Amino acid sequence: PPAHWAVRKPSDVAAKAKVLVESKQKEVNSSWLSRESYRDEKTPVVVKALHKAGRFQFGHRESDIAYFELLYLELLRGEPGIPVLYGGWATKSHIVWVTSDGGASVGKGLGRSSDPAKLSKAYDHRARKHPIEVARAWFRCFRSFGERGGFVLTDFKPEQFTLDALGDIYLVDGPAPNDGAIATFARKHFTAGVASDIIIPGAEPKTLPRHIDLEPGAPWPCPADEPIVCAKRTYKQHHCADSHCETKRARGAPELAACRGGTCDAFDWRAHVYDVASRDWLLPRVISLAFDRSDATRLEALSARMLAHDPDARPSFDELLSMLD
């Protein structure tokens, strides 16, 4: 383990306090650090474990999930909205990692008619009283993992984010490395599998990538009359390209499901600029709840620019933060 990791073995973490999430694939518990230097403070942490992961191996689904999240946490260490990675360990049946506790989930649900988003009281209260600060927290978080990190969140839903007592928002589930230096670094481990399947603009289309979580924004081949093929590069709750979406305003960025000349449009973090302005539980929620309507007017003006059809016409998160300041 890296020398700066405080957690390297199970005894570095106290007994679990509460189960936060449990599924066939993953278990997430709250706990605290038990090393001597932390014992007095009882630093709260979140302990994640992937079941049936076995020995770590690239190309193995559970191993890759752990690798992408560790990559996200380690290489964006210290950026706003990124949980602190304290460390982790591996066993014969689990891969375990430990992060800071970023607070309670912003909400639950997928944001569609069959499973509408239900926002937490704390989030709604803060949006009502401090709308500009909530918008700023969202922009900081997305700037960190998207604009600076080159990641894309494909499993896009409220419960992937948490809100702490200070009003900071964290992305607590690992996004997919898509472009930039971190994604290039990640792809080195998959050259025998995924990299050979990536579609190169101008080249003859080959097969679809076997691991869409590595580069979801790659330009897949698509029949001209079936743009929904392109939308499958990301999850339904993200692309919202068909009738299951709760409202038209909840639909994803146009490039997520665009097919041109037999090739899907490439997409990157700028799709999230559109997401923040279009999702009912993000900026629209903050605008609707804002007690100070002058703040709401400011955010509405930003939102209109964020919803530009052309990704190049959308402001970056860095620019949005400058506009707020």
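This is a predicted model: local features need pLDDT of at least 70, side-chain atom pairs count only at pLDDT 80 or more; totals for chains, interfaces and linings use all residues.
**Entry 1. Overall count.** I counted the elements of the protein chain and have 10 helices and 14 strands. The chain has 325 residues, and 54% of them count as buried. Among contacts between residues at least 6 apart, 60% join residues at least 24 apart.

**Entry 2. The sheet of 5 strands.** I traced the open sheet that contains β5, and its order reads β1-β2-β3-β5-β4, with antiparallel pairing. At the edges I find β1 (18–22) and β4 (85–90), each of which pairs on one side only. Direction ignored, neighbouring strands in this sheet are turned by 20° against each other on average.

I then went through the pairs. β1 and β2 are antiparallel over 4 bridges, and I noted Asn 29 in β2 as the bridge partner of Val 19. Between β2 and β3 I have 7 bridges, again antiparallel; here Val 28 has Lys 48 in β3 as its bridge partner.

I checked burial for β2 and found the strand mostly covered, with 6 of its 7 residues buried.

**Entry 3. Helix α1.** Next I asked what lies across this sheet. α1 lies across β2 (26–32), β3, β4 and β5, and runs at about 25° to β5. I tested the length of α1 (residues 61–75): at 1.5 Å a residue its 15 residues should span 21 Å, and the end C-alpha atoms are 21 Å apart, which agrees.

Is α1 largely enclosed or left open by the rest of the structure? I find 11 of its 15 residues buried, so the helix is largely enclosed. The buried residues of α1 include Ile 65, Ala 66, Phe 68, Leu 71 and Leu 73. I also noted charged side chains in that set, among them Glu 62, Asp 64 and Glu 69.

**Entry 4. The sheet of 3 strands.** I found another open sheet, in the order β6-β10-β11 with antiparallel pairing. β6 (104–105) and β11 (169–171) stand at its edges with a single partner strand each, so one side of each has no neighbour in the sheet. I looked at β6 with strand β10 (residues 161–163), and they pair in the antiparallel sense over 2 bridges. One of the bridges links Ala 104 to Leu 163 in β10. α3 packs on this sheet, where it touches β10 and β11, and its direction makes about 25° with that of β11.

**Entry 5. Helix α3 against α9.** I followed α3 to its contact with α9. Helix α3 (residues 131–148) and helix α9 (residues 293–306) pack at an angle of about 30°, and their axes are 9 Å apart. Angles under 35 degrees count as roughly parallel, and α3 and α9 are therefore roughly parallel to each other.

I listed the residues in this contact. From α3 they are Pro 131, Ile 132, Ala 135 and Phe 139; these meet Asp 295, Arg 298, Leu 299, Leu 302 and Met 306 in α9. I sorted the residues of the contact into 7 nonpolar, no polar and 2 charged.

Technical notes:
Residues are numbered from 1 along each chain as its sequence is written. Side-chain values use heavy atoms; hydrogens and water are left out. Axes are lines fitted to C-alpha atoms, for helices over the stretch in contact, and angles run from 0 to 180 degrees between N-to-C directions. Angles under 35 degrees count as roughly parallel, over 145 as roughly antiparallel, 65 to 115 as roughly perpendicular and the rest as oblique. Contact means heavy atoms within 4.5 Å. The expected span of a helix is 1.5 Å times one less than its number of residues. Buried means under 20% relative accessible area, exposed over 50%, partly exposed in between (1.4 Å probe, protein chains only). Two strands pair if DSSP finds at least two bridges between them.
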